[in-house]
Protein chains: 4
Amino acid sequence: MTGTYDPARSAILLVDPYNDFLAENGKIWPAVRHVALEVGLLDHMRAVVAAGRESGLRIFFVPHRRWREGDYEDWDHPNPTQQRIRESHSFALGTKGGEFHPDFQPMDGDVIIQEHWAQSGFANTDLDMRLKQHGITHVIVIGLLANTCIESTSRFAMELGYHVTLVRDATAAFKPEMMHAAHELNGPTFAHSITTTDALLKTLRNTS
Amino acid sequence: MTGTYDPARSAILLVDPYNDFLAENGKIWPAVRHVALEVGLLDHMRAVVAAGRESGLRIFFVPHRRWREGDYEDWDHPNPTQQRIRESHSFALGTKGGEFHPDFQPMDGDVIIQEHWAQSGFANTDLDMRLKQHGITHVIVIGLLANTCIESTSRFAMELGYHVTLVRDATAAFKPEMMHAAHELNGPTFAHSITTTDALLKTLRNTS
Amino acid sequence: MTGTYDPARSAILLVDPYNDFLAENGKIWPAVRHVALEVGLLDHMRAVVAAGRESGLRIFFVPHRRWREGDYEDWDHPNPTQQRIRESHSFALGTKGGEFHPDFQPMDGDVIIQEHWAQSGFANTDLDMRLKQHGITHVIVIGLLANTCIESTSRFAMELGYHVTLVRDATAAFKPEMMHAAHELNGPTFAHSITTTDALLKTLRNTS
Amino acid sequence: MTGTYDPARSAILLVDPYNDFLAENGKIWPAVRHVALEVGLLDHMRAVVAAGRESGLRIFFVPHRRWREGDYEDWDHPNPTQQRIRESHSFALGTKGGEFHPDFQPMDGDVIIQEHWAQSGFANTDLDMRLKQHGITHVIVIGLLANTCIESTSRFAMELGYHVTLVRDATAAFKPEMMHAAHELNGPTFAHSITTTDALLKTLRNTS
């Protein structure tokens, strides 16, 4: 390995880069706006993805279930978030909010994973197998939300045997204390590296 | 179903009830002692297990890997907690610390799950299959630590399709803010119910 | 439970009911035609699904990955079947062959699982979680092929803790000896019940 | 990669090398004896393990659940094989039959996986994670039985994204037609390579 992120073994997991989360008129943007602006979320997500592409790291899109008519209706016990989505129709299929943000469009060579129903991009999807078919052992997890989908995807990744990197300012949450929980209280117990976009970019440049 | 916790479908997951966590001279007791005493951890764990037994809910022991010589030594990337255990030998096999606390001893009919290597009792173990062989769809998760093993086990349980109940005062953590993160910030996004021992006991009594 | 297949806990897994497998001009029909006609495949699949609906058993559609441009192209090691599909474009998205056979169309209340990439309907999909959200513990697995997707889906189901029923004449394979392997050699080691459509229909009628 | 089995990415999965299967007075030896002698099972298993060690391939022991008092007793639906083991006590803990055969003893650097309850060494165990922590992407699966544990472990391996090699004469089964089913009917649909001990040894020698 020529550095910390060998492009033959490392990938970026881009979690839920939907307009509903990231665009000015997105349904959930008002709830993440405060933290997102504070950390410079969009700039940092763009920078990580661009640096990843330059360094030869493959980008895996890890999308949340796009809401469809009937979703969760006949489930025995949808979780609280799913119950909310049943009302709010976040990430609805066929709507602008359920499309990827214009700055995070899949390109040739990217991999788009099956939609996850809850928080972990690994649960009930093909993410683990798709990573294996590309020889990936190290994942850098960015996107939304720090304490839900990013954290569950990362907790699962660690349990499954992956090396996990979190990027403090390439994610956001509803409240600053949720960022604190994700990066100061919980992340240090399971993540192998917790870094910033700036530090990650330096490492990636040394890699390639 | 005759109530919220039908004994034919509900179980208690008792996570890591080791002396190292719970006994006066346990290796990690000093780190959890403050919160444990504050919430009345041992009394509440005892009460939940006793009430569960009375109501006919099966108890599943969900134990952390007991440290053995050589553990993690040749792994490519043990997580931060595993690296610490490699030094501290927490829950060492053959030591008092790696035994279940005297008040949480398996009884006839209890199920003892394979040891988990990290945080989730479901990851790399037989927990999901064993629950299915008993028809369990609802789990009440108690034990340690609130923001690591309890939270990961619960996040996994929800993703796998289980109904999840957290009990605020039948768990503990290193710091009060970790309890806050587990029960006020994160739990409400994935757990179906977050309750207290008192309230749970009332529900269980109505069940049986 | 009021019989062997309590509708509250039992479901039918309908695996890969595509035109490419089942229709006169399907790409793979010529390869399964001999066995399919011999066992009366289509009549029996129709009968099992109809009886299932009448008895209140939910139908889960378990579809193979519909081939899309680029599939498997950059994988490190697609399996032999996937390599063949890369050339043959079986179940291609947007073609007749990639549509469900007219007699096996989803109806209200049916559940459509995410597409599986290889043989097991449980691998890399949401099948296990969706079954749990409907309280299912017993699965009747029909469709194609007896020794590949039906067998892998059933082997996985058993490992995951489900009760598994195979139906000898509601499946088919490329050769009679593959049927023999599935139902006489391998099935008896993992399946809880191996039956025929006629016998199953009698049991289901007694159930409802 | 310097050949087909890069020692940094390849491993041997040694499945169920118990005395009950392999020793003259083993409980199941009489049932596998005919095929085992015909293919030269013990010699070939020894040769593959030795060549693997010489070439730097790590050996993973993948052991079946050692029977313990009470096993399967309160399960809702043990599978047919588990029901038989409940009577026969195969691989009983603390007996000779439940020990590894003298010629297949773990050595320094080998990895011993948690016991599997049914057929697949991946199901309900830590095998996948342990392989990942050693960077393994290619597995050579040997041991017993060809159409049950070897086949299920291999089907699971493929689904999880591994490259799978079967070795025709380093496994056995109860009947020749089960070997035929494993290697001529089913294996070719999921295994990436089906080889013989001789051919494998040549490849491994070229590797190192």
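1. The model is predicted: local features need pLDDT of at least 70, side-chain atom pairs count only at pLDDT 80 or more, and totals for chains, interfaces and linings use all residues. Residues are numbered from 1 along each chain as its sequence is written, and side-chain values use heavy atoms, with hydrogens and water left out.

2. Chain B and chain D are in contact (heavy atoms within 4.5 Å) through 18 residues of chain B and 18 residues of chain D. The area buried between them is about 1600 Å²; buried area is the accessible area (1.4 Å probe) that two parts lose on being put together, summed over both. Carbon and sulfur atoms give 42% of it.

3. Two salt bridges cross the interface of chain B and chain D. The rule asks for a side-chain nitrogen of Lys or Arg within 4 Å of a carboxyl oxygen of Asp or Glu. B:Asp74 and D:Arg58 form a salt bridge through their side chains, at 3.2 Å, N to O.

4. As to copies: 100% of the interface residues of chain A are also interface residues in chain B, so the copies meet through the same surface.

Definitions and conventions
Chains lettered and ligands numbered in written order.
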